[in-house]
Amino acid sequence: MLKQPLLNFLILPFSFVPWMCGGTFFAPKANALPGQATEEVGAWIQAHPTLRPKGNERFFVQKSDTAAQHFTFQASVFPPGKVGYIKDRSRIRSENLSMYDAINGMNFERLQESLRVIYGLDIYQDFKRAQVVYEYPNQSAINSARFAKTPIREALRGELRLGSRYAYWLEIAQPKNGKAFTGQMTVLLKSDLDKLEAQLRNR
């Protein structure tokens, strides 16, 4: 099991854990998010009491105590999706957390709780109130993946949400007959949502 309290929580199935007291998580209020300067976000990551990056980690934090369980957090100057050229590299465009758990499995609920642990209640509530603008796969995509014999495409399940403050992208790899072991949650600028949606619809 991962040693840090946050990561112990992230890799456990959703349940009552020491992070909860009276219905409130002891999560720091997020003060560095997409749209802010790289220096601000980097300082927030370094000072985050649960991310706790190693000395050589700045915008990419990786935790793993066993081969069966991994957690990563990455802040990027690029929007999610296909990488393209950008002029402004002074501001963060997206922040992503991803998990792999071959022991307990993965689901959307755990990704949502991970969002709350890392960012606090304000961002979590923005996510919960956000409108779902796209869900996948639809039946057409499933049929296409089966015809092309690409089970990985068929296994990907996700959604895009548009909140008041940010947009959100959740995705897990859920095999047709089996448990999901990997998942990711990305917080992104609302202005980057349409481009990401178009890429997901056409991939």
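**Close-up views of the sheet and its cover**

View 1. Residue S98 finds its bridge partner in β9, namely Q184. This is a predicted model, in which local features need pLDDT of at least 70 and side-chain atom pairs count only at pLDDT 80 or more, while totals for chains, interfaces and linings use all residues. Residues are numbered from 1 along each chain as its sequence is written, and side-chain values use heavy atoms, with hydrogens and water left out. Strand β5, residues 94-101, pairs with β9 in the antiparallel sense, over seven bridges. Two strands count as paired if DSSP finds at least two bridges between them. Helices (H or I, at least four residues) and strands (E, at least two) are DSSP runs, numbered from the N terminus.

**View 2. The whole sheet, strand by strand.** Seven strands make up an open sheet with antiparallel pairing, in the order β3-β4-β5-β9-β8-β7-β6. The edges belong to β3 (60-66) and β6 (131-136); each has a single partner strand, so one side of each is left without a neighbour in the sheet. On average, neighbouring strands here are turned by 10° against each other, direction ignored. At the β3 end, five bridges link β3 to β4 (residues 69-76), and the two run antiparallel. Within that pair, Q62 has T72 in β4 as its bridge partner. Strand β8, residues 167-173, is joined to β9 by six bridges, again antiparallel.

View 3. Is M185 buried or exposed? With 0% relative accessibility, M185 counts as buried, where buried means under 20% relative accessible area, exposed over 50%, and partly exposed in between (1.4 Å probe, protein chains only). M185 belongs to β9, which covers residues 182-188, and six of the seven residues in β9 are buried. Opposite M185 stands L170. Neighbours within four places in sequence aside, M185 is in contact with E95, N96, L97, L111, Q112, L115, F127, Y168, W169 and L170; a contact means heavy atoms within 4.5 Å. The C-alpha atoms of M185 and S114 are separated by 8.7 Å, although these residues are 71 apart along the chain.

**View 4. S94, in strand β5.** S94 is found in β5 and is buried, its relative accessible area being 6%. Where does the side chain of S94 reach? It reaches the backbone oxygen of F78, at 2.8 Å. This is a polar contact, that is, a pair of N or O atoms within 3.5 Å; within protein, one must be able to donate a hydrogen and the other to accept it, and residues adjacent in sequence count only if both atoms are side-chain atoms.

View 5. Helix α3 (residues 108-119) lies across β4, β5, β7 (156-162), β8 and β9, and runs at about 130° to β5. Helix α4 (residues 121-129) packs on the sheet too, touching β6, β7, β8 and β9, with its direction at about 80° to that of β8. For these angles, axes are lines fitted to C-alpha atoms, for helices over the stretch in contact, and values run from 0 to 180 degrees between N-to-C directions.

View 6. In α7 (residues 193-202), the buried residues are L193, L196, E197, Q199 and L200. They cover an arc of only 165° around the axis, which puts them on the same side of α7; the arc is that of the directions from the helix axis to the C-beta atoms. D194 and N202 are exposed on the other side. The cover over the buried residues of α7 includes β6, β7, β8 and β9.

**View 7. Nonpolar cores.** The largest nonpolar core has 32 residues, and I45, F73, Y119 and Y168 have the most contacts inside it. Such a core is a set of buried Ala, Val, Leu, Ile, Met, Phe, Trp, Tyr and Cys residues joined through side-chain atoms within 4.5 Å. Two or more residues each come from α2 (38-47), β4, β5, α3, α4, β8 and β9, with α3 giving the largest share, four residues. A second, separate core of 10 residues includes Y136, L188, L193 and L200.
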